[in-house]
Amino acid sequence: MIDAQHAVSSAYQFVNVPMGIWIDERGRVVRPAEPAWTEGRTDKFGGKAIVIEGDKYVAALHDWVKNGEHSPYMLSDEEFARRVKPRSAAEMEADASFKLGVWFHDNGNNELAAKYFEHAQQLNPDDWNYHRQEWSFTPQEAGKKWMDKFQKLDKPYYPTLEIDPNKKQ
Amino acid sequence: MANHIHRREFLLASAGTAVALAAPSTTAAATVLYSDNSVKLDKVRPAGTDLWVRSADLPRINQFELKPQGACRADMCIPIPKALKNGEWFNLTGFSRKVGQSFISDSGVWSFGEIPVMRGSFYESRIAPDFAVPDRKGKIVHLSDFRGKKVLVVTWASW
């Protein structure tokens, strides 16, 4: 499926790719947004590392498919509430601004698109989807912009994958 | 998302007062972005930072409908002050302020963010918000099409 409007990211508060959610047969979210890699590895860029725990993620996914609500990877309501917070006013405005930028881009007005992409990035700088989408329009500069921002991070590039079955979830 | 609101909820009028100007007389065209929808309206009445739309256009803008008890969508009704209505016109941005919804506009395009109270079924009941996106052949796929099955939704990008 092709999500040109970022509808899925907006609905589920995804801030990067790949991210995923699990939804059960009743339409309830079992696990909210989290990194959804399919392999485990560590990538290093300029002395900083991106730790990818896709092997754990895939194992957990298999367990849930097999065991359903008896899977230890089902999140309790309390844990769900801890992980999923309503958007702040700035985040909501960023979402509206980003969608406005997408509309202007789709309709050929790159100047106004850039204005509202930038506004969204300022309002919600932790959303890498906003940055990476805008940078993709100037691919010759995208790598440098990514590296500059990545090197300034004081927290992991991806949200930490909290998927340990031995912890109460 | 409207299909996933299972509770009947009537919101009391908020303590805050929605700022509403009288609907101006000059009409124009506008594009309104609301959730996943993009709606082109032939007639709107912009007034400073406010946007008045025809009440009859509300359902295709945001699936709300004006009823005696307020602005209603599915089984939720939000009471609205009289100042938000003027004849056939409805102050869409005044309504947004009342419900705490962000909006931003430029050059006749108005983009609206989520309505916080409409997200309650996600935050409180964990009901997955529906969405609709095209597949590679252009066929629209709804998340709700997969009800009754386990679903894994993963996003990726080509950047």
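Residues were classed by relative accessible area as buried (under 20%), exposed (over 50%) or partly exposed in between, with a 1.4 Å probe and protein chains only. Helices (H or I, at least four residues) and strands (E, at least two) are DSSP runs, numbered from the N terminus. The model is predicted: local features need pLDDT of at least 70, side-chain atom pairs count only at pLDDT 80 or more, and totals for chains, interfaces and linings use all residues. Residues are numbered from 1 along each chain as its sequence is written, chains are lettered from A and ligands numbered from 1 in the order in which they are written, and side-chain values use heavy atoms, without hydrogens and water.

Helix 2 of chain A spans residues 54-67. Just after the helix, Gly68(A) takes a positive phi of about 55°.

Thr38(A) sits in the loop between strand 2 and strand 3 of chain A. It is exposed, with a relative accessible area of 65%. Beyond its neighbours within four places in sequence, Thr38(A) is in contact (heavy atoms within 4.5 Å) with Gly54(A) and Val58(A).

On a 1 Å grid over the protein atoms alone, a cavity is a set of points where a 1.4 Å probe fits but cannot get out; a pocket is an open set with protein on both sides within 12 Å along at least five of seven lines; lining residues have an atom within 4 Å of a point. The largest pocket has a volume of about 970 Å³. Of its 40 lining residues, the closest to the centre are Gln13(A), Val15(A), Met19(A), Arg83(A) and Pro159(A). The structure holds 1 cavity of 30 Å³ or more. The largest cavity contains about 80 Å³ of space. Of the 13 residues lining this cavity, the closest to its centre are Ile23(A), Gly27(A), Leu143(B), Phe146(B) and Arg147(B). Volumes are the space filled by probe spheres set on the points, with grid points joined across faces, edges and corners.

Conventions. The expected span of a helix is 1.5 Å times one less than its number of residues.
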